[in-house]
Amino acid sequence: GIRMPILIVGGTLSDEQKQYLEGGSWNFHLVGGTSVVTESVENELKAYGTIADRTYGKDRYLTSKAMAERFIGETHEAVLAYGANFPDGLCGGPLACTMGAPIILSGSTPVTNAAGIQYTTGMNITSGLVVGGSALIDDQTVRTTFSMRESDEIMIYEQ
């Protein structure tokens, strides 16, 4: 998996972020287009290192697919997380890293996970974990994403 710190940025770097970056010679991978990570933030980051690249798609779902294609090699697993709010994706990231798997942001239905389904089908990924319950990502989306039959059981772990 990718073992890099992640900075969630706004319109400018915070004082805490600048302090964290101070003294390092960083190699930055920007995730998101210029409306997400602005050119202003990109220029601020250049004071602390090099901009290696910028990976993005038309939306967050295509961006997660682009990230998987860019950073994850051969794998047969993925972590599926609801993409309309950030906690599931943020929590699922370290899990995906330990698995050496991509995290794929998904909508609630197969139609809203078209990018993820295209990725998992193309990579022949037939197993993985889903962060969150069926109220956010329905069972049909899970089955379609992981090429499961209707009769295949989806294991549920909850506390």
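I take a pocket to be an open set of points on a 1 Å grid over the protein atoms alone, where a 1.4 Å probe fits, with protein on both sides within 12 Å along at least five of seven lines; lining residues have an atom within 4 Å of a point. A volume is the space filled by probe spheres set on the points, which are joined across faces, edges and corners.

Before the entries, I note that this is a predicted model, in which local features need pLDDT of at least 70, side-chain atom pairs count only at pLDDT 80 or more, and totals for chains, interfaces and linings use all residues. Residues are numbered from 1 along each chain as its sequence is written, and side-chain values use heavy atoms, with hydrogens and water left out.

Entry: second largest pocket. I looked up its volume and found about 580 Å³. Its lining has 20 residues, and L129, V130, I154, M155 and I156 lie nearest the centre. I sorted the lining into 10 nonpolar, six polar and four charged residues (Ala, Val, Leu, Ile, Met, Phe, Trp, Tyr, Cys and Pro count as nonpolar, Asp, Glu, Lys and Arg as charged, the others, Gly among them, as polar). Strand β5 (127–131) and helix α6 (139–145) each supply at least two residues, and β5 gives the most, with four. Helices (H or I, at least four residues) and strands (E, at least two) are DSSP runs, numbered from the N terminus.

Entry: largest pocket. I read a volume of about 1600 Å³. Of its 44 lining residues, I6, L7, I8, V31 and M67 are the closest to the centre. The lining divides into 30 nonpolar, 12 polar and two charged residues. Helix α4 gives the most to this lining, seven residues.

Entry: helix α5. I checked which residues of α5 (114–122) are buried (under 20% relative accessible area, with a 1.4 Å probe and protein chains only; exposed is over 50%, partly exposed in between). They are A115, G116, I117, Y119 and T120. These buried residues pack against α3, β3 (77–82), β4 and α6 (contact means heavy atoms within 4.5 Å).

Entry: positive phi. What is phi of N124, the residue that follows α5? I found a positive value near 55°, in a residue other than glycine. N124 lies in the loop between α5 and β5 and counts as exposed because its relative accessibility is 51%. I also looked at S147, in the segment after α6, where phi is near 50°. S147 has 47% relative accessibility, so I list S147 as partly exposed.
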